[in-house]
Amino acid sequence: MDVADLAQDNDFTEAALLAHQSGLQRRSGVSAYRCEECGDAIPENRRQAEPGTEHCIECKSTLEQLQKRGLR
């Protein structure tokens, strides 16, 4: 492993840590009762399992797929 590899690994580690911390901060809040994407009710069991959630399962799955493709 050379210096460039170590620098890249370090950047990735810092980015992953920041993303994780950001997710923890976001999820520590109160969950929404209605999905911000479609407006449907978010089931109580989802709200308890994912504190701070703003989307129903279907919309969250769709949003994650779009993010993976770089479309959102």
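Predicted model: local features only at pLDDT ≥ 70, side-chain atom pairs only at ≥ 80, totals over all residues.
Me: How many helices and strands does the protein chain have, and what pattern does it follow?
Reply: The protein chain contains 3 helices and 0 strands. Read along the sequence, its pattern is therefore written α-α-α.

Me: What makes the pairing of arginine 47 and glutamate 44 a salt bridge?
Reply: The side chains of arginine 47 and glutamate 44 meet at 2.4 Å, N to O. A salt bridge requires a side-chain nitrogen of Lys or Arg within 4 Å of a carboxyl oxygen of Asp or Glu, so the pair qualifies. By this rule the count comes to 1 salt bridge.

Me: How are arginine 47 and glutamate 44 placed relative to each other in helix H2?
Reply: They are 3 residues apart in helix H2, which spans residues 44-49. Because of this spacing, about one helical turn separates arginine 47 from glutamate 44.

Me: What surrounds arginine 47 beyond its neighbours within four places in sequence?
Reply: Arginine 47 is in contact with Ser31, Ala32, Tyr33, Ile42 and Thr53. For one of these, alanine 32, the C-alpha to C-alpha separation from arginine 47 is 7.5 Å, although the two are 15 residues apart in sequence.

Me: Why is arginine 46 not counted in a salt bridge?
Reply: Arginine 46, found in helix H2, is buried, and its nearest side chain of opposite charge, glutamate 50, is 5.0 Å away. The cut-off is 4 Å, so arginine 46 has no salt bridge.

Me: What does the side chain of arginine 46 reach, and why does this count as a polar contact?
Reply: The side chain of arginine 46 reaches the backbone oxygen of histidine 55 at 3.0 Å. The limit for a polar contact is 3.5 Å, so this distance falls within it.

Me: Where does histidine 55 lie, and is histidine 55 buried or exposed?
Reply: Histidine 55 lies in the loop between H2 and helix H3 (57-68). Its relative accessibility is 15%, and the limit for buried is under 20%, so histidine 55 counts as buried. Not counting residues up to four places away in sequence, histidine 55 touches Cys35, Glu36, Glu37, Ile42, Arg46, Lys60 and Leu63.

Me: Is glutamine 48 buried or exposed, and how do you know?
Reply: Glutamine 48 lies in helix H2, with a relative accessibility of 57%. Exposed means over 50%, so glutamine 48 counts as exposed.

Me: Which residues form the largest nonpolar core, and what makes them a core?
Reply: The largest nonpolar core has 5 residues: Ala32, Cys35, Ile42, Cys56 and Cys59. In soluble globular proteins, nonpolar side chains tend to be buried together. Isoleucine 42 touches several residues beyond four places in sequence, among them Ala32, Cys35 and Cys56.

Me: What share of the protein chain counts as buried?
Reply: Of its 72 residues, 18% count as buried. The chain exposes about 5,800 Å², of which carbon and sulfur atoms supply 52%.

Notes:
Residues numbered from 1 in each chain as written. Heavy atoms only, no water. Helix = DSSP H or I, 4+ residues; strand = E, 2+ residues; numbered from the N terminus. Buried < 20%, exposed > 50% of the residue type's maximum accessible area, 1.4 Å probe, protein only. Lys, Arg positive; Asp, Glu negative; His and termini not counted. Polar contact = N/O pair within 3.5 Å; in protein donor to acceptor, adjacent residues only side chain to side chain. Core = buried A, V, L, I, M, F, W, Y, C linked by side-chain atoms within 4.5 Å. Contact = heavy atoms within 4.5 Å. Areas by Shrake-Rupley, 256 points an atom, 1.4 Å probe, with all protein chains shown as cover.
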